[in-house]
Amino acid sequence: PITAFFIPNDPEVIQDAAYFIKIMAPSFGLLGVQQVLNGVFNGAGFTKASMLISILNLWIVRFPVAFLLSNKTALGYEGIWWAFPISNAVAALAAFIYFKQGYWKMRLFRRRR
């Protein structure tokens with residue numbers, strides 16, 4: 001219905017958009033984890049961690065995976081769509097691991113002294 005609101009007379013686009021949302025929907029929670037943890041790192045003054053996680057998400061994971069899945073598999077353009085949840089999962093995992101290690105706290109505590 002959301003896609004049909006914007007493009008009401010193109011059933012193929014509506015069908016493709018619905019499939020894209022089905023692929024992406026499970027990873028929205030992972031994207032939320034990544035964004036919240038990036039906010040924690042930014043709030044602690046360790047913006048470098050947030051930047052590195054974003055670089056990991058887009059440049060190191062998403063773009064290469066999108067290229068490989070869309071060009072080297074039978075997925076075609078849908079491979080680009082699958083790169084989104086894959087990169088969201090990798091970035092959320094990296095942010096969570098970094099958060100649990102606690103190195104970001106050192107910057108926060110140094111700043112308060």
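Me: Where does Trp104 lie?

Reply: Trp104 sits in helix 6, residues 103-112. Helices here are DSSP runs of H or I with at least four residues, numbered from the N terminus. Keep in mind that this is a predicted model, where local features need pLDDT of at least 70, side-chain atom pairs count only at pLDDT 80 or more, and totals for chains, interfaces and linings use all residues. Residues are numbered from 1 along each chain as its sequence is written, and side-chain values use heavy atoms, with hydrogens and water left out.

Me: Why does Trp104 count as buried?

Reply: Buried means under 20% relative accessible area, with exposed over 50% and partly exposed in between (1.4 Å probe, protein chains only). Trp104 has 10% relative accessibility, so Trp104 counts as buried.

Me: Which residues is Trp104 in contact with, leaving aside neighbours within four places in sequence?

Reply: They are Val40, Phe41, Ala44, Phe46, Tyr98 and Phe99. Contact means heavy atoms within 4.5 Å.

Me: What makes a set of residues a nonpolar core?

Reply: A nonpolar core is a set of buried Ala, Val, Leu, Ile, Met, Phe, Trp, Tyr and Cys residues joined through side-chain atoms within 4.5 Å. The largest one here has nine residues: Leu37, Phe41, Ala44, Ala49, Ile53, Ala91, Ala95, Tyr98 and Trp104. Helix 3 (28-43), helix 4 (47-71) and helix 5 (78-101) are the elements that give two or more residues to this core, and helix 5 brings the largest share, three residues. Ala95 touches Leu37, Phe41 and Ile53, not counting residues up to four places away in sequence.

Me: Why is helix 3 called roughly antiparallel to helix 4?

Reply: Helix 3 and helix 4 pack at an angle of about 150 degrees, with their axes 7 Å apart. Axes are lines fitted to C-alpha atoms, for helices over the stretch in contact, and angles run from 0 to 180 degrees between N-to-C directions. Angles over 145 degrees count as roughly antiparallel, under 35 as roughly parallel, 65 to 115 as roughly perpendicular and the rest as oblique. So helix 3 is roughly antiparallel to helix 4.

Me: Which residues in helix 3 meet helix 4?

Reply: Gln34, Asn38, Phe41 and Asn42 do, and they meet Thr47, Ala49, Ser50, Ile53, Ser54 and Asn57 in helix 4.

Me: Why does Asn57 count as buried?

Reply: Asn57 has 6% relative accessibility, so Asn57 counts as buried. Leaving aside neighbours within four places in sequence, Asn57 is in contact with Gln34, Arg62, Ser87, Asn88 and Ala91.
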